[in-house]
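Here are my notes on the model, as numbered points. Please read them with the structure open.

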Amino acid sequence: MSNSEQVLEVDQSQTKPPYPLKKHRDRIKTLTRVLLFWERGGTGSDVPVVGRDYLLVTSTNREHAWQNMKMAALCSEFGDLVQIKKQLISVISLCKERGLLHSGKWASELAFALDPLPKDELPPSPTFTEEDAQDLDALTLAKSYFDLKEYDRAAYFLKGCCSQKAYFLYMYSRYLSGEKKKDDETVDSLGPLEKGQVRNEALRELRVELSKKHIAGELDGFTLYLYGVVLRKLDLLKEAVEVFVEAIHALPLHWGAWLELSNLVTNIEMLKSLSLPDSWIKDFFMAHMYTELQMIKEALQKYQNLIEAGFSKSTYIISQIAVAYHNIRDIDQALALFNELREQDPYRIDNMDTFSNLLYVKSMKPELSYLAHNLVEIDKYRVETCCVIGNYYSLRSQHEKAALYFQRALKLNPRCLGAWTLMGHEYMEMKNTSAAIQAYRHAIEVNKRDYRAWYGLGQTYEILKMPFYCLYYYRKAHQLRPNDSRMLVALGESYEKLSQQVEAKKCYWRAYSVGDVEKMALLKLAKLHEQLNESDDAAQCYMLYIQDIFSCGEQLEHAEVSTALRYLGQYYFKNKLYDEASLCAQRCCDYNDAREEGKALLRQISQ
């Protein structure tokens with residue numbers, strides 16, 4: 001790895017530690033106020049804070065953003081909600097006829113959120129062509145077999161049919177038949193971490209046939225969608241993007257095509273370059289993409305606009321906003337939304353794995369246990385249910401059982417991103433680093449935008465004492481989450497191990513500037529300055545660290561206040577600031593690990 005690759009590419013104006021290197025007396029006043037306030041038993045929220053203006057800015061920005069979101073003009077002209085409802089009812093019927101259950105479900109949930117239509121406003125039934133009439137009996141028979149998952153049988157009776165609807169179901173049955181056989185073979189022959197070469201044998205034939213029809217311009221919106229899926233499965237991603245965009249233009253209301261396209265968009269530049277139809281559904285797609293690309297502020301604004309446009313009752317939008325808050329670690333807000341969602345739709349299983357992640361982080365064992373038992377009663381063979389049970393066992397430190405349930409989830413759906421990542425975490429807990437690496441790599445194959453998998457790989461290689469590998473994977477995670485302090489602290493530690501102290505300092509200060517969730521960045525930065533004999537900078541960082549700890553209003557388990565006080569006491573003593581040194585020494589006596597040094601310093605001062 002070249003030196004140029006190791007340099008952290010972040011805004012230099014926010015990485016250079018702009019410590020307010022004031023005169024000693026100015027700094028002492030700040031520390032004295034903090035320590036005296038602490039001695040009087042004040043609450044953390046009232047601690048005088050200097051050097052933490054960004055917290056106030058962040059809080060103000062959040063309120064300001066919400067106000068702007070409420071007052072913002074709608075980004076698309078939604079027009080008449082009655083017309084949107086009619087379009088949704090029509091596309092629901094089209095999706096059901098073709099066995100596209102998930103797209104039909106999405107449109108149905110959205111239609112349910114809108115007011116019901118009077119009888120005379122209901123859309124008319126679709127017109128039958130002569131080809132539809134000729135294929136009606138075969139299509140009805142084949143659809144009954146399709147619904148029972150007898151895909152080969154359905155395809156047999158549809159062979160030779162001429163209508164667009166019958167042709168789609170014929171090709172789709174062949175595709176699903178190949179997928180079913182592939183999944184059966186995978187489950188039978190491979191363990192969950194083995195990289196098998198099992199493929200859907202029907203894909204190449206389907207591509208050849210659909211390609212000919214595509215060139216001839218004979219594919220409708222649904223069949224273009226299927227062609228795009230086949231191309232994606234064959235790893236022909238550039239062609240797949242073009243076909244999905246074409247499918248969306250041909251049939252803008254088919255949500256499945258939008259979702260497939262979203263899985264192929266890797267960054268905001270690519271998203272902006274896409275030529276998408278100007279339809280109301282585009283706003284749902286953009287909000288989804290902003291969430292996927294970790295542009296949470298933009299995503300929340302889009303969803304707020306959709307709520308104001310008339311979709312305030314949509315459980316889909318509530319769930320997406322909850323996921324967005326989960327992604328920015330606003331846990332309390334996300335939990336409140338998930339609880340609201342459970343009240344509105346108590347038998348919902350979608351997104352409950354994300355809900356369980358939040359309960360896990362908050363160590364809410366009773367709530368997580370209740371959720372797991374509730375989902376088992378609803379459907380114990382759903383992927384989300386297995387993930388929730390896995391999280392429950394993981395919270396109880398039963399990591400072998402947790403890994404078993406994540407494996408079950410992957411047998412049900414080998415492309416379940418969350419299960420791969422969570423299984424990697426469990427293998428890390430079990431000290432099985434090789435299995436953890438394989439699990440994280442599988443997660444990245446499913447979705448290269450999953451920062452948790454990149455971060456997990458960095459942690460794994462950190463355990464294996466391979467800092468250059470750590471640096472590579474932490475940088476990938478940082479690129480996906482540029483304002484996540486955990487990624488920046490991990491990067492700083494990697495640079496420090498590689499003796500690149502300048503880059504390490506930049507990372508630690510940047511982590512503090514964006515809002516250090518773990519309250520570790522300033523401590524590490526202070527210790528680094530201490531190692532480099534930069535005593536003034538180290539003292540400044542330790543002072544900011546003490547302010548940071550007591551401004552958060554809660555005592556952190558890893559807090560090393562005694563370390564900071566011990567250093568500051570010696571620092572002030574060397575600078576002949578005996579009053580401040582005495583104050584620090586007295587506070588050291590409150591901590592077991594620093595009590596003797598505090599007493600020794602007090603004796604030195606008294607002499």
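1. Contact here means heavy atoms within 4.5 Å. Helices (H or I, at least four residues) and strands (E, at least two) are DSSP runs, numbered from the N terminus. This is a predicted model, where local features need pLDDT of at least 70, side-chain atom pairs count only at pLDDT 80 or more, and totals for chains, interfaces and linings use all residues. Residues are numbered from 1 along each chain as its sequence is written, and side-chain values use heavy atoms, with hydrogens and water left out.

2. Start with helix α18 (residues 352-361). The buried ones are M352, T354, F355, S356, N357, L358 and L359. They pack against α16 (315-327), α17 (331-344), α19 (365-379), α20 (383-395), α22 (417-429) and α24 (451-463). After α18 comes S363, with a positive phi near 55 degrees.

3. What does L261 touch, not counting residues up to four places away in sequence? Its partners are V241, F244, V245, I248, L274, L276 and F285.

4. S562 sits in helix α30 (residues 561-574). It counts as buried because its relative accessibility is 5%. Beyond four places in sequence, S562 touches C588, Y591, D593 and A594.

How values were computed. Buried < 20%, exposed > 50% of the residue type's maximum accessible area, 1.4 Å probe, protein only.
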